[in-house]
Amino acid sequence: MGDVVQMHFSTPDYVIFALLLVASTCIGLFYALSGGRQRTTQEFLLADRSMSCLPVSLSLLATFQSAVAILGVPSEIYTYGTQYWFLGVSYFLGLLVPAHVFIPVFYRLRLTSAYEYLELRFNKTVRIMGTVTFIFQMVIYMGVVLYAPALALNAVTGFDLWGAVLAMGLVCTLYTTLGGLKAVIWTDVFQTIVMFAGQLAVIIVGAHQAGGMGEVWRKAINGSRIASLDLNPDPTERHTFWTLGVGGVFLMLALYGVNQAQVQRYLSSRTEREAVMSCYVVFPCQQVVLCLGCLMGLVMFARYGEDSPLDKGYVKTNDQMVLYFVMDVFRDLPGLPGLFVACLFSGALSTISSAFNSLATVTMEDLIKPYWPAMTEAKATLLSKGLGELLFSEWPHAALSIFGMVGGPLLGLFCLGMFFPWANSTGAIVGLVAGLVMAFWIGIGHFVSRMAVPTTLPPIINSTAMPLPSNMTTAVMTTAVMTTLITLITALYNLSYLWYSAHNSTTVVIVGLIVSLLTGPMKEKDLTPGTVYPVLGNLLFFLPECYREILYCPKAIDTHPYQMARKESNGVSHPKEEEKTEETEREKDEDEETATPQPSCRLAHTLQETAL
């Protein structure tokens, strides 16, 4: 196998790539100089809660449609076939549940950081633990998202590695710091269009050179790349229908349900209805993105067949194959390689900018403001902008992608609080720790298990001396126990990566509930109104009322926004909502005076009087 074959950019390619950076910067400058000019934390961190459905949905799509996915999905399809396409099945519940469960709770609590919820539901310690876990998760993920594609680009085209990293990082920091969330969302929209354009260009030109889509499909079928429905229930199988369609649901929930980067977009919407609609709009967009990745992989196979550039030694890793293919297809078409690289780094920009903004938000709201409540609005906004610049300087340059591993325990923590009213703060803390320990044990064990290990157990019975019957029985039992234990641990280490979120979130919930029951369940009167979603009340409708009272089974959540006993982050209260709350209280008091007393369960969702 020879050295990696390098192809080089032409001047039009560099021009198109530079235009992407310039356009993104201009969007940031526009929002820095217009509107409220990002003078309040509400405008900087939440776009003044003024965004409409379409830009929010495209931003939701772009946030985790990273360059790693643009490079990885076509390589996956080329190597293993279209089984990965069944991940689209998980999008149904993966977006439906956030739309009708998480968004109503978060939006009505008028949060800025998703981890404010954890303090309202449990206590400040749980909030800080959730925040620190999220920061660790996103910093590691940012390193992978930007460095990995830059490394692949450098290997295939000779594009300067650190030049690409620094250019993208500086531009991203600039428009994020200047324009706030509004600039991030609108650059996401622009970058989403660039991503679609780049992938479509590759598919159209590549399919034309291969003889048309009919020929691409024929070659894919002959090469066994069109996968059938694999209903194998084995969780250690990398990709099956159950792994993708069910395990993928938990991954989507971790991404679109409780991740601050996405929650922040929901909270920036003008109304709760617009936030819910953004989930519905992003669903078909996700399917289109998945199909584009699959089609690109099939076009690659039509061009190279089984004789891949990796086998020939033209590239060294799978993530370099797509870039090599693009440069090969566009060899005689100057400017189009630059368009695809713009597409590639649009994915990186959208992810990194979202991470910057969300990290600045949680750091400000969860780690700084609670300890410096007297900080002025101007200083808070300036500090929020400075945090974005600081985070850029602290990127790790190479890291293990553990996004799903850490996202699973966070999902479990939110589910524990939202669905189980009797879960207490001790259970939440112990459950989160247990989930993280399990996540890292499986993740690290998966890599360690790849190393050379003995394939057989050491002999228990000495060949020169026959043991006594009692010793032989003990030896046989010990061997059986060890074999069973090793088999279980090996299966755990071989668990498909798509089951990580499901496994780790379930661990948090189970351990959290057990510890909560052992340490004394949370009492209904101690629950903050609006923090529990009535899933138990809906699922256990058949139980008598007395049993549902014991389990604190609310039947609904508040239909009015719940105002916490504090002002909004920007120091501005909401008079209309305040009046609505007071008016509701007056009506409730009048009803209580005139109504006949009836025994009823104090539900966790009952609107209580708040003081602003």
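View 1. Arginine 110 sits in the loop between α5 (91-108) and α6 (116-121). This is a predicted model, and here arginine 110 has a phi near 55 degrees, a positive value in a residue other than glycine. Most residues other than glycine have a negative phi. Is arginine 110 buried or exposed? Its relative accessible area is 8%, so arginine 110 is buried.

**View 2. Another positive phi, this time at serine 224.** Look in the loop between α9 (213-222) and α10 (241-256) to find serine 224. Although serine 224 is not a glycine, its phi is positive, at about 60 degrees. With a relative accessible area of 60%, serine 224 is exposed, because anything over 50% counts that way.

**View 3. The whole chain, before zooming back in.** How many helices and strands does the chain have? The count is 23 helices and 0 strands. Of the 612 residues in the chain, 55% are buried. Take the contacts between residues at least 6 apart in sequence: 85% of them join residues at least 24 apart.

**View 4. Helices α3 and α11 packed together.** Two packed helices are described by the angle between their axes and the distance between the axes. For helix α3 (residues 53-63) and helix α11 (residues 260-267), the angle is about 175 degrees and the axes are 10 Å apart. An angle over 145 degrees counts as roughly antiparallel, so that is how α3 runs relative to α11. On the α3 side, the contact is made by Val56, Ser59, Leu60 and Thr63, while α11 brings Ala261, Gln262, Arg265 and Tyr266. Sorted by class, the contact has 4 nonpolar, 3 polar and 1 charged residues.

**View 5. Glutamine 260 and its surroundings.** Glutamine 260 is found in helix α11. Its relative accessibility is 0%, so glutamine 260 counts as buried. A polar atom of its side chain lies 2.7 Å from the backbone nitrogen of alanine 114. What else is glutamine 260 in contact with, leaving aside its neighbours within four places in sequence? The list includes Thr112, Ser113 and Tyr115, along with Phe134, and it also takes in Ser358, Thr361 and Val362.

**View 6. Helix α4 and the glycine that follows.** Helix α4 (residues 67-80) has 14 residues, which should span 20 Å at 1.5 Å a residue. Its end C-alpha atoms are 20 Å apart, so the two values agree. The buried residues of α4 are Ala67, Ile70, Leu71, Val73, Pro74, Ser75, Glu76, Ile77 and Tyr78. Just after α4 comes glycine 81, with a positive phi of about 100 degrees.

**View 7. Helix α15, mostly covered.** Helix α15 (residues 336-368) has 33 residues. From its first C-alpha to its last, α15 reaches 46 Å, close to the 48 Å expected at 1.5 Å a residue. How many of its 33 residues are buried? For α15 the number is 30.

View 8. Glutamine 286 lies in helix α12 (residues 272-304). Its relative accessible area is 7%, so glutamine 286 is buried. Glutamine 286 and tyrosine 91 are 195 residues apart in sequence, yet their C-alpha atoms are 7.8 Å apart in space. Leaving aside neighbours within four places in sequence, glutamine 286 is in contact with Leu61, Tyr91 and Tyr256.

Methods
Residues are numbered from 1 along each chain as its sequence is written. This is a predicted model: local features need pLDDT of at least 70, side-chain atom pairs count only at pLDDT 80 or more; totals for chains, interfaces and linings use all residues. Side-chain values use heavy atoms; hydrogens and water are left out. Axes are lines fitted to C-alpha atoms, for helices over the stretch in contact, and angles run from 0 to 180 degrees between N-to-C directions. Helices (H or I, at least four residues) and strands (E, at least two) are DSSP runs, numbered from the N terminus. Angles under 35 degrees count as roughly parallel, over 145 as roughly antiparallel, 65 to 115 as roughly perpendicular and the rest as oblique. Contact means heavy atoms within 4.5 Å. Ala, Val, Leu, Ile, Met, Phe, Trp, Tyr, Cys and Pro count as nonpolar, Asp, Glu, Lys and Arg as charged, and the others, Gly among them, as polar. Buried means under 20% relative accessible area, exposed over 50%, partly exposed in between (1.4 Å probe, protein chains only). A polar contact is a pair of N or O atoms within 3.5 Å; within protein, one must be able to donate a hydrogen and the other to accept it, and residues adjacent in sequence count only if both atoms are side-chain atoms. The expected span of a helix is 1.5 Å times one less than its number of residues.
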